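User: Hi! Could you walk me through this one?
Analyst: Happy to, here it is.
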Amino acid sequence: MKGNEIRSRFLQYFEDKGHTPVDSSSLVPKDDPTLLFTNAGMVQFKTVFMGEDSRDYVRAVTSQRCVRAGGKHNDLENVGYTARHHTFFEMLGNFSFGDYFKEDAIRYAWEFLTKELGIDPANLWVSIFEDDDEAEQLWDKIEDLPKGRIVRMGEKDNFWAMGDTGPCGPCSEIHIDQGPAAATCGRDDCKLGCDCDRYLELWNLVFMQFNKDADGTMTRLPKPSIDTGMGLERVAAVLQGKLNNFESDLFGPILGRLEELSGKKYGEDPKVDVAMRVIADHARATTFLVADGVLPSNEGRGYVLRRIMRRAVRFGKTLGLQKPFLDSVTRVVADEMGGAYPHLADSASLLEKVTNNEEGRFRETLENGLVLLEEEVVRVSGLKDKTIPGSFIFKLYDTFGFPFDIVRDIALEKGIDFDEQGFMDEMANQRDKSRRSRKDEQVKVLGEGVRSLAAEGLKTEFTGYEEVAGKSRL
Ligand code: ATP
Ligand code: MG
Ligand code: MG
Ligand code: MG
């Protein structure tokens, strides 16, 4: 079954069960400074879960565009190396706002996977939050779930939170055992909970019950609700008999374009495969982020996009691509996904400009940065502790706009270490310095302001230190 068909079957299944289909919201969360990007289907319903907002429906179904790069859920570094992570992906989700709860959420999910999609129950496993006896009883009622398949897990895996604050709750996840060949950990005793790709997490059913505020206090939500999320790319790979998301039809045309451009084939050389997967993923993220109004810059969301684009450009070198290529790849993404996401068409010319501009600028300095990095790799390889110092990584960043991720990728390839903490410290130092110099600047401007007021003959009245201190933000 093709990705597009899975998406529409999901929407139809839940529509038939009384859910209102709702469009995906933007990757830039509306009025929510706590969150870098929309990282799950529930984000657009956050205020509904919290009881601050209501809709004219109590059940909804979506296919939500998501980005997990930067922020609490950050998969940027996994991309290319695991079989299941993307920075950009589509999350299929059904939601209940104080309507049905655990029992129906479990029943629907099971029926959709095993009846609609025809996944063999013999391969499915379920995890629940460690003290959620109710979830266990409900799963026990599912007759074709084989015995012994319900596993209790701790907070890290089975308590879901959108970010450091906001709605959250215990959850229950459905996993598929893809067999020993998929155990990238290489262990014979690999079991559910292992971080490798064998027990692939397909669907997370969150039993939304709490809101967490900034000081960590948990309060009960007005009505227990349901929030679920299933990665479309994972389901597509499973149904197409592939062990890697990137081998599903959703990525076929993108990898195809990279094969054309590079003259190399996917599936013959692991290094080439990593590069093609990273570029394919990052091209999707770039296309969708630009369409939602994010532009590459040096801070916040724009900096995450810049890191993503630059990492793609660097992996182009692994493929031996001599000329700019990003625009050609993002074009395939926009063409392929324009059917499901018509808004992509509106930003076609902006996307072309942004990719060409960013790639052009970075290509100029990438070469110089890479030469210095190669030299440094040779130097530290000869040392006892084979570690690229944080100060060096910072210098590359500061001089060439060389993102940390690229240093990390190259260090991993060469089997040497890198001082991430040292780099972060240098970054923090620079931020402090620029904050201080901004302050000095403000003081100077203020001083000039007061002088000019005095020159205009205005008298200032002394009202006490308290008030001056209270008003001053310097
Ligand atoms: P994993 O443990 O594999 O990293 P997760 O527990 O972080 O997944 P959830 O936050 O539960 O994922 O998100 C719900 C669903 O979205 C997952 O079950 C999975 O199918 C999908 N998903 C999550 N992260 C990604 C990703 N980076 N790329 C593709 N699909 C993802
Ligand atoms: Mg994860
Ligand atoms: Mg998980
Ligand atoms: Mg999960």
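Analyst: One term to begin with: a crossing is left-handed if the near helix is turned anticlockwise from the far one by less than a right angle, and right-handed if clockwise. Helices (H or I, at least four residues) and strands (E, at least two) are DSSP runs, numbered from the N terminus. This is a predicted model, where local features need pLDDT of at least 70, side-chain atom pairs count only at pLDDT 80 or more, and totals for chains, interfaces and linings use all residues. Residues are numbered from 1 along each chain as its sequence is written, while chains are lettered from A and ligands numbered from 1 in the order in which they are written.

User: What does the protein average in pLDDT?
Analyst: The average is 91, and 92% of the residues score at least 70. pLDDT is the predictor's confidence in each residue, from 0 to 100. The model scores are ipTM 0.99 and pTM 0.89.

User: Where does pLDDT stay under 50?
Analyst: Over residues 456–474, and for that stretch the model has 4 contacts beyond four places in sequence. Two residues count as in contact if their C-beta atoms, placed from the backbone, lie within 7 Å.

User: Let's talk helices. At what angle do H7 and H8 pack?
Analyst: H7 (residues 252–262) and H8 (residues 270–291) pack at about 120°, with their axes 10 Å apart. That makes H7 oblique to H8. Angles under 35 degrees count as roughly parallel, over 145 as roughly antiparallel, 65 to 115 as roughly perpendicular and the rest as oblique. Axes are lines fitted to C-alpha atoms, for helices over the stretch in contact, and angles run from 0 to 180 degrees between N-to-C directions.

User: And which hand is the crossing of H7 and H8, left or right?
Analyst: H7 passes H8 in a right-handed crossing. Ile254, Leu255 and Leu258 of H7 make the contact with Met276, Ile279, Ala280 and Ala283 of H8. By class, the residues of this contact are 7 nonpolar, no polar and no charged. Ala, Val, Leu, Ile, Met, Phe, Trp, Tyr, Cys and Pro count as nonpolar, Asp, Glu, Lys and Arg as charged, and the others, Gly among them, as polar.

User: How do H8 and H11 pack?
Analyst: H8 and H11 (residues 348–381) pack at an angle of about 120°, axes 10 Å apart. H8 passes H11 in a right-handed crossing. Thr286, Thr287 and Val290 of H8 meet Leu350, Leu351, Val354 and Thr355 of H11. That contact has 4 nonpolar, 3 polar and no charged residues.

User: What about H10 and H11?
Analyst: The axes of H10 (residues 326–337) and H11 come within 9 Å and cross at roughly 150°, so H10 and H11 are roughly antiparallel to each other. By class, their contact has 4 nonpolar, 3 polar and 3 charged residues.

User: Switching to ligand 1, how many residues surround it?
Analyst: 16 residues surround ligand 1, and the closest are Asp75, Phe89, Asn204, Gly229 and Gly231. A residue is near a molecule if its C-beta atom, placed from the backbone, lies within 6 Å of it. The shell divides into 5 nonpolar, 5 polar and 6 charged residues.

User: Which element gives the most to that shell?
Analyst: E8, with 4 residues. Strands E3 (88–96), E8 (199–212) and E9 (218–231) and helix H6 (232–239) each supply at least two residues of the shell.
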